[in-house]
Amino acid sequence: MRRLAGIAVLLVAASSLDLARSSISHGRSLEYATELTAIGPRVTGSRPYGRAAEWSAAQFRAMGVTRVALEPFTIERGWERVSARARIAAPVDRPLRVESLGWSPSTPENGLYADVVALESFSLDAVAARSLRGRIVLLPEGDPPRNPVTAGKTTNAFAVRLRAAGALAILVPDGEADNLLTARGLSFGTALSVLPAGQIGGDDARAIRELLARGPVRISLELINRITPAAAIVNNVIAEIRGRDRPDEWIVVGAHLDSWDFGTGAQDNATGAAMVLEAARAIASLEQPPRRSIRFALWGGEEQGQIGSTAYAREHASEQDRVVAYLNTDAGTGRVIGWTAPGRADVVRAAKTLIQGVLDELGAGTFDESLRYGFQSDGAPFILAGIPTLDLNADDTKYEEIHHKAADTIDRVDARNLAVGAAAVAATAHAIADSARGFAPHLDRRAVERMMNRR
Ligand SMILES: [Zn+2]
């Protein structure tokens, strides 16, 4: 009898391997990514972002997940691109490839018509040496210095100096070849920049510099953006499958739902959101839920500096000690390599023990503990809280071709790699949530600081 009962239990308790296999053969990750990109680009706080959040919540409910919530956080301003136009007016007449930088204010009504000054460096001496009053300032090529700790501060301080010197607007050359533009803000965050700020194709910027070597250059510039008059509310989408045995411990599985607005944010990050949705669908369709709970999270504000996931970590700080692990997916659809556990060899060991065989079958069994990408997505607030964090790792050799560019559309998505990624996310989340043993410890603040110092 006991033996028979044991077999019965084995039959109903789906293994993580079965879960991965069924997700590959019957999964819906491509459908989810296709539907999400059909909503359009999803800039944080924009109306399409709001529609994507509502759509996602409806998907969770449709798969039978009943605990679904829109969890609000606040951004300083809502911002949507409307239009951008620029031309060289003298000494020649020709169009310029220009778009607003994110969270740029609009230019005054009827636009600007002014001489250009090109700066040779980001030094304040360079600003002091030039007459900028009433001029449009073309910045040097290359990104002004940025890092996650002082994100944007340098550029903002620089823009403040330019405004104080009387500049009317800023043009930032894009570093890409062929006049391509890569969407971004002048700095991270959702505060309006202090001057109208556009990005200009690298070739066009060089053309202006060549003309400037011969004499004055006058351009017309019109940037129009829709900006909320005050702070705006944005929603993260949180859905929970309750654990059957230890519901008060949970895994969080997350991806950012927001995107930039050239292209439709397909691999950055509709595919990551689709992996989270597919993992939820696959796990919700099991005969029984895993031992522990799983919270599925779709974040807003990642592109402006992980604002949504950071707000969640702050709002839920008192219960973060019950988060067994955080799984993040934001790596596009190159070949799936495996998981990165930033800074945590012990997390790599714990994950390998649970899931190595399944990931090997998916061809996605390579782990590492690199800190390279750890703080560039929504794993960051979890890593900083000492929570064991795994970030899906995919081959990124072609990623820059689409990253924040007009080419980030659904037709460039690799459906097979997307399905493998979704299966890896589902199987790993299930294996950790269903494990009879613990996972890896939380780090205290000291240990997190030591890890950060190794970056
Ligand atoms: Zn991303």
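I began with Arg-292, which is buried at a relative accessible area of 1% (buried means under 20% relative accessible area, exposed over 50%, partly exposed in between, with a 1.4 Å probe and protein chains only). I noted that this is a predicted model, in which local features need pLDDT of at least 70 and side-chain atom pairs count only at pLDDT 80 or more, while totals for chains, interfaces and linings use all residues. Residues are numbered from 1 along each chain as its sequence is written, and side-chain values use heavy atoms, with hydrogens and water left out.

Which residue forms a salt bridge with Arg-292? I found Glu-249, with the closest N and O atoms 2.8 Å apart; a salt bridge here is a side-chain nitrogen of Lys or Arg within 4 Å of a carboxyl oxygen of Asp or Glu. Arg-292 lies in strand β12 (residues 292-299) and Glu-249 in strand β11 (residues 246-256), so the pair ties together parts 43 residues apart in sequence; helices (H or I, at least four residues) and strands (E, at least two) are DSSP runs, numbered from the N terminus. Glu-249 is partly exposed, at 28% relative accessibility.

I next looked up Arg-218, whose side chain meets that of Asp-115 in a salt bridge of 3.1 Å, N to O. This pair links distant parts of the chain, 103 residues apart, with Arg-218 in strand β9 (residues 218-227) and Asp-115 in strand β5 (residues 112-118). Arg-218 is partly exposed, at 29% relative accessibility.

Finally, I recorded that the search of the whole structure finds 29 salt bridges, and that Arg-67, Glu-240, Arg-242, Asp-248, Arg-295 and Glu-319 are linked in a network of them.
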